[in-house]
Protein chains: 2
Amino acid sequence: MDDRIHEHAEVLVDWSARIEEGDDVVVITDEGAHDLAVAVGEAVGKRNANLLTVYNSGEVERAYLRAHDGEFDENPAPELAMYENADVVLRLAGSTNTTAQADVPGETKQAYNKARMDIRKARLDADWVSTLHPTRAYAQQAGMAYEEYQDFVYSAVLRDWKSLADEMATMKTLLDEGSEVRIVKEDTDLTMSVEERTAVNSCATVGYDSHNLPSGEVFTAPYATEGEVFFDVPMTLQGNRIQNVHLTFEGGEVVDFSAETGEDELADILDTDEGARKLGELGIGMNRGIDRFTDSILFDEKMGDTVHLAVGRAYDACLPEGETGNESAVHIDMITDMSEESRMEVDGEVVQRNGTFRWEDGFEE
Amino acid sequence: MDDRIHEHAEVLVDWSARIEEGDDVVVITDEGAHDLAVAVGEAVGKRNANLLTVYNSGEVERAYLRAHDGEFDENPAPELAMYENADVVLRLAGSTNTTAQADVPGETKQAYNKARMDIRKARLDADWVSTLHPTRAYAQQAGMAYEEYQDFVYSAVLRDWKSLADEMATMKTLLDEGSEVRIVKEDTDLTMSVEERTAVNSCATVGYDSHNLPSGEVFTAPYATEGEVFFDVPMTLQGNRIQNVHLTFEGGEVVDFSAETGEDELADILDTDEGARKLGELGIGMNRGIDRFTDSILFDEKMGDTVHLAVGRAYDACLPEGETGNESAVHIDMITDMSEESRMEVDGEVVQRNGTFRWEDGFEE
């Protein structure tokens, strides 16, 4: 087995999930994540924790959902009890066909998920971490060769997380103590307030309340946005590619927009509700192991030297106690490259220029 | 997908497990049983029951067991709670390597199983059924080509179970009402008492308290065995082939024995304890879909036109209320071919001759 699979399992079990002796661990494995499941089994055994492995097959679920009449029982007891008794839940994504459920009606899937809200809550109440095993299906979705994609994934996952967490803590402090963030690049000069908002250091460990491996972003909930912004990294939303989006903000709201590709889809998003025209998130991608767009939000939004902004719902963790932030039915991330001819300022002070942070060698004031 | 996989799933869910709307079903799938898991997912969905699929990978378990220090926690809560809340448990055997755990120390495996006795009990307290999906690994173990083995498995599984159950009920009645069974063939003339003993109609459905698919045997707990018997179907015990066994009984006990292959292993078995020299089971194989030895007890002992006898422990289900039958740490089945030059008598009346039962066409009194 590729050594990197064992290293991936060690990072997952140790840094991300912090598994200790006697922990009750539930591992949810996709049909294509077998090798990672074996390595995780070994890593869980080495810590003398307890292991139960659930099979999360897109094909089994498709067959089940299509055959069912659609009136699902609420929160079936075996699965609910399993998660309620788990200390740790690890999700190993490893699809063998990312469109395995293409012919399951959307309403069936929604009804199924809706009937399982308590199961979902029980799962999220455990120390849960979601990660991804590189499969040929994901490589294909990313438009990459299989071995090329493996290199990509392990480069993103096998980081010096402790060191990255420290660096991200510096970024968090800047945002927490700052009032206004300004982003300047081609077709972009955008300001937003982050006053009284708290940034989250998302560094791929439950120790920091971060539940994805890889991670590597610092995010907060901005408001009072003014100016224009250009997003040059593409995205796929419900099967539609949206590319080269341009937004203009006045008084915190989008007042003008365009997109080279997918402008209709963009219009639909912005028209969802009132909150869909306001920002819900400012995220700063700091994982330099992720150096290209692969059409997977798990990776894309953490890409080093990028910034993403989401229109729509804000995360509670970023808001002052008891305060509600921007509310919306949507939360759509859009990414812009900050590696060249660009700068980010906090309260007028440049903190990143052309992809280099102020605490790094080569930074130009 | 091979239609027979869907038929297999239908027999399993319908005849064997009797799954109904709203049942909480846990499916345990081996790594090589994916296709059957998909078909079972569909069949469970069609009945509007609830589905949770557990991944039973020999390789994941091997990695876990070898890494663990061997002091296992007793009955980890997530798995125990899962089975305690299950109405139905289906086990889909589908190994990709029947020796996947060859390098796991026996004492580790024993300690693991011992720490999980309550989990095992909870699983067996549900309506559980164990079946097998044909894999290349099983084909290889049986010494067969893959497609040949698939034909073999489906021929055993896809029976007219209702009709076979009726036929087996006739056999059960003969044994229940009879006092003495006699088996006569080459090197064999054996009598045993079945007085006051109750035969079990094992016809692959929880409705008859039968938990294997395929099944197809009627068995009881004989005693007071006298005479000699020759077993011409081979068996493998802990990796050792044992073949052409000859036993001589006096006063219910083995007083002499020989084996063409594996005589030392046979001696070890018979010397285990006092009960290891007495019979614990007389089983009559009635599944004519199973027409050859494949080195798998799930199939071998149900082979049509065979009889098997086990030295060692008797099953409680065959004994009068409150009575204990033969007790032993072992229960070792040995099979003899009854298709030619042979007969079985109950109280002096021939009930099977040369593989034909008395209620069948062609039977010669």
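**View 1. B:Asp305 sits in the loop between helix H11 (297–300) and strand S15 (306–312) of chain B.** Helices (H or I, at least four residues) and strands (E, at least two) are DSSP runs, numbered from the N terminus. This is a predicted model: local features need pLDDT of at least 70, side-chain atom pairs count only at pLDDT 80 or more, and totals for chains, interfaces and linings use all residues. Residues are numbered from 1 along each chain as its sequence is written, chains are lettered from A and ligands numbered from 1 in the order in which they are written, and side-chain values use heavy atoms, with hydrogens and water left out. B:Asp305 is not a glycine, yet its phi is positive, about 60°. Most residues other than glycine have a negative phi.

**View 1. B:Asp305 lies in the loop between helix H11 (297–300) and strand S15 (306–312) of chain B.** Helices (H or I, at least four residues) and strands (E, at least two) are DSSP runs, numbered from the N terminus. The model is predicted: local features need pLDDT of at least 70, side-chain atom pairs count only at pLDDT 80 or more, and totals for chains, interfaces and linings use all residues. Residues are numbered from 1 along each chain as its sequence is written, chains are lettered from A and ligands numbered from 1 in the order in which they are written, and side-chain values use heavy atoms, with hydrogens and water left out. B:Asp305 is not a glycine, yet its phi is positive, about 60°. Most residues other than glycine have a negative phi. Buried means under 20% relative accessible area, exposed over 50%, partly exposed in between (1.4 Å probe, protein chains only).

**View 2. B:Asp187 also has a positive phi without being a glycine.** The phi value is about 55°. B:Asp187 occupies the loop between strand S5 (180–185) and strand S6 (188–193) of chain B. With a relative accessible area of 40%, B:Asp187 is partly exposed.

View 3. A:Pro214 is in the loop between strand S8 (212–213) and strand S9 (217–220) of chain A. B:Pro214 is in the loop between strand S8 (212–213) and strand S9 (217–220) of chain B. Most peptide bonds are trans.

**View 4. B:Glu345 is placed in strand S17 (residues 343–346) of chain B.** Its relative accessibility is 9%, so B:Glu345 counts as buried. Its side chain makes a polar contact with the side chain of B:Arg343, at 2.7 Å. A polar contact is a pair of N or O atoms within 3.5 Å; within protein, one must be able to donate a hydrogen and the other to accept it, and residues adjacent in sequence count only if both atoms are side-chain atoms. Beyond its neighbours within four places in sequence, B:Glu345 is in contact with B:Glu180, B:Val181, B:Arg182, B:Val350 and B:Val351. Contact means heavy atoms within 4.5 Å.

**View 5. Chain B meets chain A through 38 residues on chain B and 38 on chain A.** The area buried between them is about 3300 Å², of which carbon and sulfur atoms give 63%. Buried area is the accessible area (1.4 Å probe) that two parts lose on being put together, summed over both. B:Tyr55, B:Tyr64 and B:Pro78 supply 20% of the area that chain B buries against chain A, more than any other three residues. The interface has 16 residue pairs in polar contact (both at pLDDT 80 or more). Elements giving two or more residues to the side of chain B that touches chain A include helix H2 (34–46) and helix H3 (58–67) of chain B. H2(B) gives the largest share of that side, eight residues.

**View 6. B:Asn113 is in helix H5 (residues 106–114) of chain B.** B:Asn113 is partly exposed, with a relative accessible area of 41%.
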